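Please read these points with the model open beside you.

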Amino acid sequence: MTDNADEQFEKATLPDFVKTISGDVVKKSFLLAAITFASTYVVSWVVLLLGGIISNWSYFDFGNTFTGAFQSITLAGFSSLVSSSEQSFGGFSIGFVPLFTFAALILNTIFASRKLLADQAKLGMAKLLLPAIISGLMVALAATIFAAVLPIQTGDAFSEMSQSAASFLSFILLFVFVAVTILLSVLKLEKKWLDKILEYVPAGTVATSLRHLGALMLVGTIAFLIWVSTGGAIDFWLVLLLLPTAGIWVSNILLLGQIRADMSLLGGAFQQDLGLFSMTLDAWVPWVALLVVLALGLIASMYLAIRRGGKLGTNSDWIKTPLAYAFLGLVLQIFSVFAVSYSGAEGFAGASGGVYMAAWSFLIFGLWGLLVEVSSRFVAPYLVPKLPKGIFQFLKKY
């Protein structure tokens, strides 16, 4: 027997919240991850399928839709689709967030978690933390593994290229997106948390900014589709994948912001700024577009006035409303970046560039938020009483 046989040492144990997690909850966590991943995959596949049909399969074949859907999920984690080849033909990378896939990931997570973990949520945050971690980890792990082992294969035997978006960054971000969405959606932000938030950002301001910018994105998306259908862009499969992103770009242009297109090639650089009055359009188009934007802003101000119950906003709302718009503008700015690069083959120069909103775009959103606040105080009180009853009830309800 050794000299330290009689010594007593404390033994580590699992935290209480882990020990009380039942096997049923663990099973539900895995099921939640499976439902979320599978349903998001289906949405991604359908988007690629429609893109292939629209482009008459000009850029990829039907088989690529199955592997491409896995890559789309990892792209939703802010990854880049990177090509590789055994031959020296150079490679490329494309980085953007496919918003249809991202929205499907978040909505599917919300739906599945509320169905499967509602009982667990009644026990508080601690009881929900482990299921959220398990589900987030499984979704991120599945997306990364499938994207890595099933890349998109294009080309022929002589110039075959493999394209994958698997990355450590996407693994981490997908885990965070799913886990945080589960926590927030199931707990539904406990009342005391919500009250604290609303002390700083009133619910009417949040609702107004979300609906106003959502309507602008819808108008921007329709405008982009019209532009594409009339020959304003070549027919290529990324049009469908980039549709929501393009809607953000156009909505920024409608708000008098700018979209910047950059490309560096052969030691030179190309840069073009696209704005409402700087694009090659018929003379009447920018003015009609501006009238539509002003009309939407006026409707938003009336909606804000109605949400406030006919009362004027507080002095702090002069700051809160522009900040809410600026914050949402910054989120849209981050999610709308499209980056591309090409590493030249032997003897050829590479190129890199992208399309993105100008750095100061979120300030433009904030300025429009200020205009909505001004209109809600000085214009809406005269217009709201004159609205038809049906329109008033619609704005009050929604």
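1. A salt bridge here is a side-chain nitrogen of Lys or Arg within 4 Å of a carboxyl oxygen of Asp or Glu. The side chains of Arg308 and Asp317 form one, at 3.5 Å from N to O. Arg308 is buried at 17% relative accessible area, and Asp317 is buried at 5% (buried means under 20%, exposed over 50%, partly exposed in between, with a 1.4 Å probe and protein chains only).

2. This is a predicted model, in which local features need pLDDT of at least 70 and side-chain atom pairs count only at pLDDT 80 or more, while totals for chains, interfaces and linings use all residues. Residues are numbered from 1 along each chain as its sequence is written, and side-chain values use heavy atoms, leaving out hydrogens and water.

3. Glu373 and Arg377 also meet in a salt bridge, at 2.7 Å from N to O. They are four residues apart in helix α14, about one helical turn, and both are buried. Salt bridges with shared partners join Arg308, Asp317, Glu373 and Arg377 into one network.

4. The structure holds four salt bridges. Another of them pairs Asp273 with Arg260 at 2.6 Å, N to O. Asp273 lies in strand β6 and Arg260 in strand β5, so the pair ties together parts 13 residues apart in sequence (strands are DSSP runs of E, at least two residues, and helices of H or I, at least four, numbered from the N terminus). Asp273 is partly exposed at 28% relative accessibility, as is Arg260 at 22%.
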